[in-house]
Every structure is written in C-alpha cells, then in structure tokens.
Amino acid sequence: MTWKRGEPIVRRQIVHGRPWLGWVVNVVEDRHDLLATYSPEGSPFHFPAGDWPTPDGLHPWHGFEGWQGDGALMLQRPGDPYAVWHFWDRPGQLRGWYINFEVPFARTAIGFDTQDLELDIWIAPDRTWEFKDIELLWERHQEGRFTLIEVRRILE
C-alpha cells in the first residue's frame with residue numbers, strides 16, 4: 001500500500017496494544033525507503049476513551065483539539081526506531097530538528113501505528129543538541145507505560 005502526495009492519513013500512537021492518540025497528517029512522499037508526512041497547524045487529534053497508564057488516565061495531550069503552532073514535517077524510514085521532525089518559524093526560518101524516538105512504524109488501512117518512546121533529541125540550526133524528556137521516561141515507567149526492560153532498551 002502506497003499513499004499519494006497530499007492524502008490525509010492517521011498517525012496512531014499505540015500503548016499496551018491499543019490506540020491512545022490518533023492524529024491526521026498529510027502525505028508528502030511515500031516510497032519504499034521513506035515516509036514523509038506533514039502536520040499543519042490544527043491537524044485534528046482524537047483520544048480514545050480508556051484507563052491509560054498516566055496519573056489521570058488520559059493522554060498527556062488530552063484537551064488539545066489539534067496540532068499547536070507551526071506545522072511539522074516528519075520523516076521516517078521503515079524499521080528505524082525514530083522519526084526526524086523538522087520545525088520552522090514563520091516565515092520559513094528553520095527552528096530545528098527533533099529526533100522522536102518511537103517504535104518503528106507499521107502501516108495500517110488508514111495510516112500507520114507507532115509508539116512514542118518519550119525520549120527525544122532537539123537539534124538547533126547551529127547543530128548543537130540536547131536530550132529531552134529523560135525525566136519523563138522515568139515517570140512513564142513509574143506510571144506503568146514502560147517496563148524497566150523497555151526503559152533500558154530505549155536508553156541504549
């Protein structure tokens with residue numbers, strides 16, 4: 001299955017085998033070696049009901065109706081445990097890159113599934129970088145979203 005440029009598809013985050021966030025993204029390019037999608041400002045989010053492994057039982061973005069701020073271009077290669085997100089400030093000034101560690105994506109009939117692994121790297125335009133959300137990774141472990149074995153694998 002290959003999607004066409006401009007086609008809206010659903011990027012779902014899967015936790016404990018169930019979707020806990022679905023969000024509409026637009027296909028920029030779909031090849032055997034690369035899936036490029038774009039999330040414009042306001043791309044809608046959907047949060048299925050459920051008792052989720054968070055303090056309040058809800059997705060951390062629950063309450064947001066869609067993508068906030070300028071859009072994001074997301075590049076993913078089959079089998080890679082990360083996606084590279086590109087961010088710009090208006091009017092087209094590169095703000096930086098975000099390495100979003102996640103389970104390699106799996107295509108579905110409506111889009112693709114992945115799982116955000118919480119740990120990220122932010123790279124500024126001058127190519128300096130820093131880890132993000134290491135403390136959140138440990139919080140997610142305490143909440144039951146990740147086992148200790150999973151946390152160790154994510155940090156490798």
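A search of this whole structure, which is a predicted model, turns up seven salt bridges.

**Stop 1: R11 and E102**

Select R11 and E102 and show their side chains. The two meet in a salt bridge, with N and O 2.8 Å apart. R11 sits in strand β1, residues 8-15, while E102 belongs to strand β7, residues 93-102. The bridge therefore links distant parts of the chain, since its two ends are 91 residues apart. Is R11 buried or exposed? R11 has a relative accessibility of 2%, so it counts as buried. E102 is buried as well, because its relative accessibility is 1%.

**Stop 2: R12 and D113**

R12 is in strand β1 and D113 is in strand β9, residues 111-114, so the pair ties together parts that lie 101 residues apart in sequence. Check the cover on each partner separately. R12 is partly exposed, with a relative accessible area of 22%. D113 is buried, at 15%; the cut-off for buried is under 20%.

**Stop 3: R95 and D89**

Next select R95 and D89. What is the distance between the closest N and O atoms of this salt bridge? The distance is 3.4 Å. R95 is partly exposed, with a relative accessible area of 35%. D89 is partly exposed too, with a value of 30%.

From here, go to E29, R31 and D33 and select the three together. Salt bridges with shared partners join these residues into one network.

**Stop 4: the whole chain**

Zoom out and switch to a cartoon view. The protein chain has two helices and 11 strands.

Turn the model to look at its extent. Along its principal axes, the C-alpha trace spans about 40 × 40 × 30 Å. The radius of gyration is 15 Å, and a compact globule of 156 residues would have a value near 15 Å, so the two agree.

Of the 156 residues, 44% count as buried. Among contacts with a separation of 6 or more, 45% are between residues 24 or more positions apart.

Show the accessible surface and colour it by element. The surface of the protein chain comes to about 8,700 Å², and carbon and sulfur atoms account for 55% of it. Then colour by charge: there are 16 positive and 24 negative charges, and their mean positions are 5 Å apart.

**Stop 5: W23**

Select W23, which lies in strand β2. Why does W23 count as buried? Its relative accessible area is 1%, and buried means under 20%.

Which residues is W23 in contact with, leaving aside neighbours within four places in sequence? The list is I9, V10, R11, S39, S43, P44, F45, W61, W67, M74 and W85. R11, one of these contacts, is the residue from the first stop that bridges to E102. For a distance to check in the viewer, pick the C-alpha atoms of W23 and S39: they are separated by 8.7 Å, and the residues are 16 apart along the chain.

**Stop 6: two loop residues with positive phi**

Select H16, found in the loop between β1 and β2, where β2 covers 18-31. Phi of H16 is near 50°, a positive value in a residue other than glycine. H16 is exposed, with a relative accessible area of 53%.

Then go to R127. Where does R127 lie? R127 is in the loop between β10, residues 116-123, and β11, residues 129-132. Its phi is near 75°, again positive in a residue other than glycine. With a relative accessible area of 61%, R127 is exposed.

Technical notes: Residues numbered from 1 in each chain as written. Predicted model: local features only at pLDDT ≥ 70, side-chain atom pairs only at ≥ 80, totals over all residues. Heavy atoms only, no water. Salt bridge = Lys/Arg side-chain N within 4 Å of Asp/Glu carboxyl O. Helix = DSSP H or I, 4+ residues; strand = E, 2+ residues; numbered from the N terminus. Buried < 20%, exposed > 50% of the residue type's maximum accessible area, 1.4 Å probe, protein only. Rg over C-alpha atoms; globule rule 2.2 N^0.38 Å. Contact = heavy atoms within 4.5 Å. Areas by Shrake-Rupley, 256 points an atom, 1.4 Å probe, with all protein chains shown as cover. Lys, Arg positive; Asp, Glu negative; His and termini not counted. Charge placed at Lys NZ, Arg CZ, Asp CG, Glu CD.
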